[in-house]
Amino acid sequence: MNARLLAGAALVASICAGSAMAGDKAPRLSDAEYVAAARCTAIAEVRGTSDAASWAEAMQEQNRGRDPVVRGMADNARRDVARSARQAEAGSTRATAEIARISATCTETLAKATTAAPAAS
């Protein structure tokens, strides 16, 4: 009985220690959020906005351990949105509407990708 109690306590302690060490990292985005972040990165890069570096850093951090299929989907989405952003800059109304729709969620996505998770107490 005491051995089970000690083993359970050790397990809880190791989980808490792992949570505390991971507390300074940004939360991992879901695959769909990761692809959305890739779209936002493309828009920031084409527009030359000041947060383009933040997007690049967030994507680099979120890329670690990501499934290659999902990374490929994100690369394709990034490429497609970059093309649309360039078309929007050239005056295409369809592309402008598409970029506006995508941009509406970018601030929230960047905040989620870069905010440190609260440390476990």
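## Helix α4

The buried residues of α4 are Val-70, Ala-74, Ala-77, Val-81, Ala-82, Ser-84 and Ala-85. Buried means under 20% relative accessible area, with a 1.4 Å probe and protein chains only. These buried residues pack against α2 (31–47) and α5 (93–103). Helices are DSSP runs of H or I, at least four residues long, numbered from the N terminus.

The 22 residues of α4 should span 32 Å at 1.5 Å a residue, and the end C-alpha atoms agree, lying 31 Å apart. The expected span is 1.5 Å times one less than the number of residues.

## The ends of α4

Asp-67 caps the N-terminal end of α4. One of its side-chain oxygens lies 2.7 Å from the backbone nitrogen of Val-69. After α4 comes Gly-91, with a positive phi near 110°.

## Charge and ring

Arg-66 places its charged end over the ring of Tyr-34, 4.4 Å from the ring centre. For Arg, this requires CZ within 6 Å of the centre and within 35 degrees of the ring normal.

## Confidence

This is a predicted model: local features need pLDDT of at least 70, side-chain atom pairs need 80 or more, and totals for chains, interfaces and linings use all residues. Residues are numbered from 1 along each chain, and side-chain values use heavy atoms, without hydrogens or water.

pLDDT is the predictor's confidence in each residue, from 0 to 100. The protein averages 80, and 74% of the residues score at least 70. Over residues 1–22 the pLDDT is below 50. Where pLDDT is low, the predicted coordinates should not be read in detail.

Note on methods: Contact = heavy atoms within 4.5 Å. Helix = DSSP H or I, 4+ residues; strand = E, 2+ residues; numbered from the N terminus. Buried < 20%, exposed > 50% of the residue type's maximum accessible area, 1.4 Å probe, protein only. Polar contact = N/O pair within 3.5 Å; in protein donor to acceptor, adjacent residues only side chain to side chain.
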